[in-house]
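Subject: A structure for you to explore

Hi there,

Here is the structure I promised to pass on. Have a look at it first, and then read my notes below.

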Amino acid sequence: MEQPRDNAGMTTTNHQLQDLLDNNKRWAEETEAQSPGFFSRLLKQQTPQYLWIGCADSRVPANELVDLLPGELFVHRNVANVVVHSDLNCLSVMQFAVDQLKVRHVIIVGHSNCGGVVAALRDLRVGLVDNWLRHVQDVRHMHQAWLDTIPDANRVNALCELNVLEQARNACHTTVVQDAWTRGQEVVVHGWVYGLHNGLLEDLQISAARVEDIEPAYRRSLALVKARHTG
Ligand code: ZN
């Protein structure tokens, strides 16, 4: 149908959104054809084994990277994959995932060249998000003395990895994880980093399955990060 001329911009937008709806229809049909009853089974229950806490960056889509289907990965994403003890959104996701869904693994996933980390490192003023990124600046300040000693070209990715370590440690110290460990529930917290340049996930080896693991795992992982980025 011919669109009114003064509505051209809106028409383009509607076409783009229609593409998404068409894509969705095709995906749903293909998924159901490949696995008849797929959606009716998901309707009854979800039993993910993993909670992914990652960056909101569009280049780091959780399910696709680990090739998992709907129902297999519980996901929380925010700018720069931060776990803050006062963030009721992230804590609520963690609590539901651990207490109700009984996920076995909580994975904090950072990524190389993270825009939030760059802003925190370079003191860039972006807007409201600056306040959120103060948490990443706290990580930077914690490790500033070492960051000052490494080549400038390594600093962004070094801080991306340090941020994963600190957020993984924060996750270990949440009441959610602490309470799970106290009652003997198996939950392991991990820290990974994703390479935008090669599409690969790397384990930063900070995995902790009990309170006593936290500091040794943190120190081991920190030593690995430092060895990798020291010039
Ligand atoms: Zn990011």
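Let's start with Ala80, which sits in the loop between β2 (73–78) and α4 (88–100). Those labels follow DSSP runs, numbered from the N terminus: a helix is H or I over at least four residues, and a strand is E over at least two.

Before going further, please keep in mind that this is a predicted model, where local features need pLDDT of at least 70, side-chain atom pairs count only at pLDDT 80 or more, and totals for chains, interfaces and linings use all residues. Residues are numbered from 1 along each chain as its sequence is written, and side-chain values use heavy atoms, with hydrogens and water left out.

Back to Ala80: its phi is near 70°, a positive value in a residue other than glycine. Ala80 counts as buried because its relative accessibility is 0%. (Buried means under 20% relative accessible area, exposed means over 50%, and partly exposed is in between, using a 1.4 Å probe and protein chains only.) Asn81 belongs to the loop between β2 and α4 as well. Phi of Asn81 is positive too, near 40°, and at 2% relative accessibility Asn81 is buried.

Next, the metal site. Which protein atoms are the donors of the zinc ion? They are SG of Cys55, NE2 of His111 and SG of Cys114, at 2.0 to 2.3 Å from the zinc ion. Donors here are N, O and S atoms within 2.8 Å of the metal (3.2 Å for Na, K and Ca); water is not among the atoms, so sites may look incomplete. Along the chain, the donors have the spacing C-x55-H-x2-C. Cys55 is in strand β1, while Cys114 is in the loop between β3 (105–111) and α5 (115–122), so this pair ties together parts that are 59 residues apart in sequence. Both cysteines are buried: Cys55 has 5% relative accessibility, and Cys114 has 1%.

You will find Asp57 in the loop between β1 (50–55) and α3 (62–65), and it is buried at a relative accessible area of 15%.

Now look at helix α8 (residues 152–173), where Glu161 is found. Is Glu161 buried or exposed? Glu161 is buried, with a relative accessible area of 6%. Its side chain makes polar contacts with the side chains of Arg228 (3.0 Å) and His229 (3.1 Å). Not counting residues up to four places away in sequence, Glu161 touches several residues, including Val193, Leu204 and Val225.

Finally, the whole protein. It has 10 helices and 5 strands, and its C-alpha trace spans about 65 × 45 × 30 Å along the principal axes. Of its 231 residues, 41% count as buried. Among contacts between residues at least 6 apart in sequence, 62% join residues at least 24 apart.

Enjoy exploring!

How values were computed:
Contact = heavy atoms within 4.5 Å. Polar contact = N/O pair within 3.5 Å; in protein donor to acceptor, adjacent residues only side chain to side chain.
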